[in-house]
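Here is a friendly walk through some helix packing and a metal site. Have the model open and follow along.

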Amino acid sequence: MDLFCHKLPKIELHAHLNGSLSKLTLKQLGCLENSISQYQSVKAIGLKDAFALFKVAHEATSNTKNLYIATQNVIEEFAKDNVVYLELRTTPRSEEGMSEDDYIETVIKAIRENRFDGILVKLILSLDRRRSREEQTETLDRIIRFKNSFPDLIRGVDLSGDPAKGDFFRDIFEKARENGLKTAIHCAEIQNDAEVKNILEFKPDRLGHGTFIHTNPELWALYKQLNIPVECCLTSNVICLTANSYAEHHVQEWIKEKLPFCLATDDKGVFNTSLSEEFLHIHKASKLNELELWTISYKSIEYSFASAEEKNFLRFSLEKWKIKNIKDNE
Ligand SMILES: [Zn+2]
């Protein structure tokens, strides 16, 4: 099954650029050995400590040269893991000698100059929930400007960052939607019923994590009625202790109730995982067979922010792969 999960053409919809940097990339970018080993020996930490770890990657990508290399390496690693469609997300930021515009331009350049075959890459730009309303609005305006120049590449806006801090400003996301951007919002990573209700009522195109929705009957009823795809990041949640184990992960509720979800790595570098491993975890935890794993991948195409044409192409290639690789175990 390891080989099957590796070979399966996969769709990655929730991957943060900086959190996805591998040990090799960090080394290549000049990170010190002891900060890398601290970064990769993570087994179980709280969410707070996980956010502290991102600093290592942020230091590594604090100039355009390193950021370019980092982006290309992440694409290469996903391609080698047989991810055929990748939505990479990142929060534009400025550093000494690098403006927010430089940051976005560099990531775009790295994606456009992608040398790896068989992987289609799109960009989601993130708003950091720790930033003020004014700052988030300013970032959104910047994102809209770039989206208008690169509509094939920049497909959506995300809200991310420490879930214990900051706010979801609905009007900012309304504006994103009005400007043709899709929305993927980190939601219910921690228990925060009032905010979750607010986010659900906005009806984003996708939700990240959705850990504490089914725990509240009112929210759960509302969610099921809306039927919004959730990006499930199993290893991330197990390591950050918001899920007790793979077997007890809330994705079980989604499987049981036939609700829409995809599997995602979140931060494959920080959590030392790959999308193939996430498929293997769900195979073991939920006893899913090859066809059921393939179906998760196939359905994720629908939830993606790809164009209708791109979705058709992806569906066609997955169907072709299925005929070749899955014997009728329906
Ligand atoms: Zn995330």
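## Helices α5 and α6

Helix α5 (residues 64-80) and helix α6 (residues 100-112) cross at roughly 40°, and their axes come within 9 Å. This makes α5 oblique to α6, since angles under 35 degrees count as roughly parallel, over 145 as roughly antiparallel, 65 to 115 as roughly perpendicular and the rest as oblique. The crossing is right-handed, meaning that the near helix is turned clockwise from the far one by less than a right angle.

On the α5 side, the contact (heavy atoms within 4.5 Å) is made by Thr64, Leu67, Tyr68, Thr71, Gln72 and Ile75. Their partners on α6 are Asp102, Tyr103, Thr106, Val107, Lys109, Ala110 and Ile111. By class, the contact of α5 with α6 has 7 nonpolar, 4 polar and 2 charged residues; Ala, Val, Leu, Ile, Met, Phe, Trp, Tyr, Cys and Pro count as nonpolar, Asp, Glu, Lys and Arg as charged, and the others, Gly among them, as polar.

This is a predicted model, where local features need pLDDT of at least 70 and side-chain atom pairs count only at pLDDT 80 or more, while totals for chains, interfaces and linings use all residues. Residues are numbered from 1 along each chain as its sequence is written, and side-chain values use heavy atoms, with hydrogens and water left out.

## Helices α7 and α8

For helix α7 (residues 133-149) and helix α8 (residues 170-178), the axes come within 10 Å and cross at roughly 5°. That makes α7 roughly parallel to α8. From α7, Arg133, Gln136, Thr137, Leu140, Asp141 and Ile144 take part in the contact, and from α8, Asp171, Ile172, Lys175 and Ala176. These residues divide into 4 nonpolar, 2 polar and 4 charged.

## Helices α9 and α10

Helix α9 (residues 193-202) packs with helix α10 (residues 217-226) at an angle of about 15°, the axes being 11 Å apart. The two are therefore roughly parallel to each other, and α9 passes α10 in a left-handed crossing.

Asp193, Val196, Lys197, Leu200 and Glu201 of α9 make the contact with Glu218, Leu219, Leu222, Tyr223 and Leu226 of α10. The contact of α9 with α10 has 6 nonpolar, no polar and 4 charged residues.

## The zinc site

Which residues hold the protein donors of the zinc ion? They are His14 (NE2), His16 (NE2), His186 (NE2) and Asp266 (OD), lying 2.1 to 2.3 Å from the zinc ion. Their spacing in sequence is H-x1-H-x169-H-x79-D. The 4 donor atoms subtend angles of 84 to 170° around the zinc ion, which makes the arrangement irregular.

Key. Axes fitted to C-alpha atoms, helices over the stretch in contact; angles between N-to-C directions. Helix = DSSP H or I, 4+ residues; strand = E, 2+ residues; numbered from the N terminus. Donors = N, O, S within 2.8 Å, 3.2 Å for Na, K, Ca; no water. Tetrahedral: all angles 85-135°; square planar, octahedral: opposite > 155°, others 65-115°.
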